[in-house]
Amino acid sequence: MWKRDEAVKPTSGQPTPAGPGSLGQQQAGGPAAAPEPRRQQIERDVVNIGKSVVIKGELNGSEDLTIEGHVEGKIELKDHVLTIGPNGKIKAQVFAKSVIVLGEVNGNVTATEKVDIRDGGSVDGDLVSPKVAIAEGAHFRGSVDMQRRTAPGVQGAAQRPAAQPAAQPQGQPQPTPQVAQPAGR
Amino acid sequence: MALSDLFSRRRKDGRAAPDTGPSSAPVHPTKALARFLTSLGSRPQPLLLDLGPVVGTNVTFFAEQVGCKILVEDLLADIDRHAREGKLDQLPAFFESRFPQEDGTVDGILCWDVFDYLDRAAAAALARQMVRVLRPEAVLLAFFGTADPRSSIRPTYTRHVVVDRSTLQHRPYAAARGKQRPLLNRDIQRLFEPLRVTEQFLLKTTLREVLFRKPAAAPPG
């Protein structure tokens with residue numbers, strides 16, 4: 001127990017690889033890279049769309065994305081985490097590995113791993129995801145379709161083996177425990 | 001993790017227990033929910049319509065227990081909005097156009113105690129819509145208060161959180177409209193005609209749980 005504690009301490013000041021994007025950066029930076037530039041590179045991997053940005057059209061990407069601005073159209077982040085920040089307003093069909101909603105979404109959301117509507121978040125649309133968490137204080141209107149992973153013969157993203165747990169963007173508030181866990185299980 | 005961390009965490013847990021958060025809300029038994037789930041579970045990929053406020057754990061519970069698709073339509077929010085805007089007389093017309101679902105497409109409806117907050121005209125309009133969207137042999141679960149609401153008490157809605165098949169947690173929250181006079185048993189039956197009451201439980205909490213079933217469509221000819 002003590003040894004494990006000590007082993008954790010030296011790395012606590014350094015970033016941990018948070019998502020798939022960070023792996024790519026590790027390779028790009030090389031093993032000799034200093035910790036500080038590495039941290040900056042990892043931070044750069046979570047792309048931000050700022051408050052004043054308005055995007056109309058199709059948004060595709062292969063890295064985690066946080067949206068604080070307005071997006072209309074379609075958002076596709078295959079195998080990556082999409083975070084709609086508190087100021088984000090989305091009027092689009094959304095496809096991603098994980099979707100975290102703190103702002104407003106108007107449109108259907110499809111996630112291969114998890115949809116997480118946090119307190120203050122709002123979704124008007126249908127959710128399709130094997131895991132859905134809706135916090136108390138969140139607004140939701142629509143349908144929820146949680147595909148069963150074990151369902152035989154069902155072709156879908158939910159059946160894909162999860163390579164790693166859903167990456168949680170650092171600094172984001174954690175969902176309240178009552179929403180994350182299924183009741184009565 | 002250090003040993004002291006373990007102890008401090010345990011002390012923290014001990015202090016958190018008597019907190020008056022959502023976890024301390026009263027828990028009540030339910031008899032009808034299990035029957036409702038059984039009926040719903042016998043259908044392939046059922047569609048469940050939930051008329052209460054969205055509860056994340058309920059969504060997970062129903063999806064995992066029954067494997068259903070859940071449609072959340074928070075009618076209490078609609079009632080609240082109409083009450084605040086002074087447009088309660090428009091509720092019947094609002095309900096007539098509120099549900100875009102086609103006739104006979106829903107396998108189960110959770111009304112919770114929504115009908116307690118409606119006057120007769122609005123309740124009749126909502127019940128008509130529920131009967132319309134229900135599939136033959138599908139079920140509807142509704143709760144009805146039997147005690148006269150006390151006007152001195154600040155009105156609240158109740159968020160029904162499923163703890164397990166036989167237990168619900170009632171989490172009250174502020175409402176713009178209080179419960180109306182309770183419906184009599186025969187009024188409830190008439191309201192939902194042609195649905196049939198298959199189970200009815202009067203709980204010690206004075207809450208009446210009623211499980212309705214839509215009769216199978218008559219064979220042609």
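Which residue in β5(B) is the bridge partner of W112(B)? Hold that one for a second while I get the housekeeping out of the way.

What's up on the screen is a predicted model, where local features need pLDDT of at least 70, side-chain atom pairs count only at pLDDT 80 or more, and totals for chains, interfaces and linings use all residues. Residues are numbered from 1 along each chain as its sequence is written, with chains lettered from A and ligands numbered from 1 in the order in which they are written.

Okay, the answer: W112(B) has A142(B) as its bridge partner. The strands involved are β4(B), residues 106-112, and β5(B), residues 134-145, which run parallel and share 5 bridges. When I say strands pair, I mean DSSP finds at least two bridges between them. Helices (H or I, at least four residues) and strands (E, at least two) are DSSP runs, numbered from the N terminus.

Between β4(B) and β5(B), the chain passes through helix α6(B), residues 120-133, in a right-handed β-α-β crossover. Right-handed here means that, with the strands pointing away from the viewer, the path from the first strand over the helix to the second runs clockwise.

Now, β5(B) also pairs with β9(B), residues 207-213, but that pairing is antiparallel, with 7 bridges. There, F144(B) is partnered by R208(B).

Buried means 20 or more other C-beta atoms within 10 Å of the residue's own, exposed means 12 or fewer, partly exposed is in between, and C-beta atoms are placed from the backbone. Remember, in a regular strand the side chains alternate between the two faces of the sheet.

β2(B) has another parallel partner, β3(B), residues 69-72, with 4 bridges; L49(B) sits opposite L71(B). Together with α3(B), these two strands form a right-handed β-α-β unit. Helix α3(B), residues 56-66, has 9 of its 11 residues buried, among them F61(B) and F62(B).

Last, the chain totals. Chain B has 7 helices and 9 strands, and 39% of its 221 residues are buried. Chain A has 4 helices and 11 strands, with 35% of its 185 residues buried.
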